[in-house]
Amino acid sequence: MKNMEATGKLTNVQLELIKLFQYNLPDAQLNDIKEILAKYFANLASDEMDKLWEENNWDENTIETWKNEHLRKK
């Protein structure tokens with residue numbers, strides 16, 4: 001996910017999807033595709049979080065510490 005960045009033009013994934021889906025789809029199929037894409041990106045985020053968890057040796061105590069931190073500035 002580190003290579004994901006916003007651009008002012010169509011991205012490679014947008015161009016590929018345009019090529020694949022040149023025709024109107026029924027709403028049910030469109031919703032299925034949206035769900036597939038959402039699950040794909042959710043899995044990427046989850047994998048990245050697992051990686052961070054292991055690299056930083058986080059545990060339940062880390063989560064408890066985060067819950068009690070006051071990060072707001074006055």
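**View 1. Trp 66, a partly exposed ring.** At 37% relative accessibility, Trp 66 counts as partly exposed, a label for anything between buried (under 20% relative accessible area) and exposed (over 50%), using a 1.4 Å probe and protein chains only. This is a predicted model, so local features need pLDDT of at least 70 and side-chain atom pairs count only at pLDDT 80 or more, while totals for chains, interfaces and linings use all residues. Side-chain values use heavy atoms, with hydrogens and water left out, and residues are numbered from 1 along each chain as its sequence is written.

**View 2. Trp 53 meets Trp 58.** The structure holds 3 aromatic pairs. In one of them, the ring centres of Trp 53 and Trp 58 sit 6.2 Å apart with the planes at 90°, so it goes down as edge-to-face. For the bookkeeping: rings of Phe, Tyr and Trp (its six-membered ring) pair if their centres lie within 6.5 Å, and planes under 30 degrees apart are stacked, over 60 edge-to-face, the rest tilted. Trp 53 is partly exposed at 28% relative accessible area, and Trp 58 is partly exposed too, at 22%.

**View 3. Trp 58 meets Trp 66.** Here the ring centres are 4.8 Å apart and the planes stand at 80°, so this pair is also edge-to-face. Put together, Trp 53, Trp 58 and Trp 66 make up one aromatic cluster.

**View 4. Asn 57 in its loop.** Asn 57 lies between helix H2 (27-55) and helix H3 (60-68); helices are DSSP runs (H or I, at least four residues), numbered from the N terminus. Though not a glycine, Asn 57 has a positive phi of about 55°. Its relative accessibility is 65%, so Asn 57 counts as exposed.

How values were computed:
Helix = DSSP H or I, 4+ residues; strand = E, 2+ residues; numbered from the N terminus.
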